[in-house]
Amino acid sequence: MTSTSSVLPGLAEALHDKLTSRTARVGVVGLGYVGLPLAVEFARGGFHAVGIDVDPAKVEALSRGESYIQDVPTADVAHFRQSGHLSATTDTAVIAELDTINICVPTPLRKTKDPDLSYVVSAVEMIAAHLKPGQLVILESTTYPGTTDEVVRPLLEKRGLVAGRDFFLAFSPERVDPGNPTWNTRNVPKVVGGVSPACTRLARALYAASVDTVVEVSSPKVAEMVKLLENTFRAVNIGLVNELALMCDRLGISVWDVVDAAATKPFGFMPFYPGPGLGGHCIPIDPFYLSWKVKEVGFEARFIELAGHVNGAMPHHVVAKIADALNTHAKAVRGSSVLVLGVSYKRDIDDLRESPAIDVMAELEQKGANVSYHDPYVPTVHSREWHGKRDLASVPLTADALRQADCVVVLTDHRVFDYAEVLQHARLIVDTRNAIKGAHENVFKLGAPARN
Ligand SMILES: NC(=O)c1ccc[n+]([C@@H]2O[C@H](COP(=O)([O-])OP(=O)(O)OC[C@H]3O[C@@H](n4cnc5c(N)ncnc54)[C@H](O)[C@@H]3O)[C@@H](O)[C@H]2O)c1
């Protein structure tokens, strides 16, 4: 690999000036849950932000001034579109006109749980084809430590430009939390680590216009590892509390009471809550990027593997709980109607990716249950998404629908649900989120003693 020499005279200062005066043209590659909010914040910060995506439907929606991401209001997209601060295109040639390029493309796992960097590689190859001296490239996609140095940098340097000398390169992890009304792209501190001090300084200058706090770290590797620590921390603690829920189940103790009481300790404890399993694009996936990477150096990431094992088994425990609940009404899973409330992977959002509801519904169907669901945020679940025999459409949540189901299962505790009504009309309820407070004859909770 080429070593970083000193910056070509004037390049860094020229870009710094453009960033501080907001005259830089900034680009975002990948306009999904991460990229679109970022592009909008850049526009709000005063830049002309250009979004680049391979999906023409997204580009067309943005060009019409419409948002397709729940946390990004259409009014904002329309406003910045009209003011000329936001545009979108599928045409990669625009890269040559940009001063900065942030990469926000997916980083999924392969079926073997190995990292799938194909989206990052194709985005970087596309950027490399248009790369010019003086540009700043920042990878934001979550990935294993070393990706920026070992994968992105060599691809960008293929045509002779050198990172830190001719162009600038950094990693900055995305910390977006979809559906969070308090923390957003602007007020969550942004960690940045460049391949050289000049790269870090320029990355800071870019974000400083749009993000309240920028935190510098010494290298891209540190920044990459920061994100994996954060997500592994969550995966492991959720695994711990899920295991505790299973223990409480056997011991006849309510895990919900235990966690709430423990959370009164003012120091040294942070509450995590059990549930039907992990979902979303981050927690079930990112830690495996780290465990895969450390295998290369002969290290076994035992906490990560164990948490994956415990969390991955939760949907099955939920199905067992449903079977136990039906049993008290002298019913088998086969032939019973089960109405699932909430299928997105967490509360108040529309994202179905990796949702444990999919596994719960698939296992119920496999066992012969007649599965239906209600979710105001997810109008349909296609057969390929839930591995079922048919497409499902969200059924209206009526007193009749609740009365007719042999079992109603709360998988995602959306705030819009009227739990009093659910309790009033449902014959039998399995609640995996403690959405229905207190103990009731017909409510079976994950990690709590049965009442009948
Ligand atoms: N969603 C989250 O809550 C979240 C939070 C933190 C970090 N992340 C990370 O951010 C990254 C992006 O996640 P996301 O949820 O925004 O994904 P997403 O699937 O919502 O969006 C990715 C976008 O990239 C586009 N794309 C794919 N390949 C492309 C290419 N070569 N050129 C241009 N566009 C391309 C896709 O069409 C899509 O619109 C991932 O690494 C993820 O792990 C996500």
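A polar side-chain atom of Arg353 lies 3.0 Å from an oxygen atom of the ligand. That is a polar contact, meaning a pair of N or O atoms within 3.5 Å; within protein, one must be able to donate a hydrogen and the other to accept it, and residues adjacent in sequence count only if both atoms are side-chain atoms. The protein covers 92% of the 840 Å² of accessible area that the ligand has on its own. Accessible areas come from the Shrake-Rupley method with a 1.4 Å probe; for residues, only the protein chains shown count as cover.

The model is predicted: local features need pLDDT of at least 70, side-chain atom pairs count only at pLDDT 80 or more, and totals for chains, interfaces and linings use all residues. Residues are numbered from 1 along each chain as its sequence is written, and side-chain values use heavy atoms, with hydrogens and water left out.

Two further ligand contacts follow. Thr142 places a backbone N or O atom 3.0 Å from an oxygen atom of the ligand. Ser122 brings a polar side-chain atom to 3.1 Å from a nitrogen atom of the ligand.

Now the shell. The ligand is surrounded by 27 residues, each with a heavy atom within 4 Å of it. Val34, Asp53, Lys58, Thr107 and Thr142 are the closest. By class, 14 are nonpolar, seven polar and six charged. Here Ala, Val, Leu, Ile, Met, Phe, Trp, Tyr, Cys and Pro count as nonpolar, Asp, Glu, Lys and Arg as charged, and the others, Gly among them, as polar. Helix α5 (residues 118-128) gives the most to this shell, with three residues. Helices (H or I, at least four residues) and strands (E, at least two) are DSSP runs, numbered from the N terminus.

Next, the cores. A nonpolar core is a set of buried Ala, Val, Leu, Ile, Met, Phe, Trp, Tyr and Cys residues joined through side-chain atoms within 4.5 Å. Buried means under 20% relative accessible area, exposed over 50%, partly exposed in between (1.4 Å probe, protein chains only). The largest core has 80 residues, of which Val29, Phe42, Ile127 and Leu156 touch the most other members. Apart from it lies another core of 30 residues, including Trp386 and Leu428.

Last, Asp406. Its place is the loop between α15 (399-404) and β13 (407-410). Asp406 is buried, because its relative accessible area is 12%. Its side chain reaches the backbone nitrogen of Ser337 at 2.7 Å. Leaving aside neighbours within four places in sequence, Asp406 is in contact (heavy atoms within 4.5 Å) with residues including Lys331, Arg427 and Leu428.
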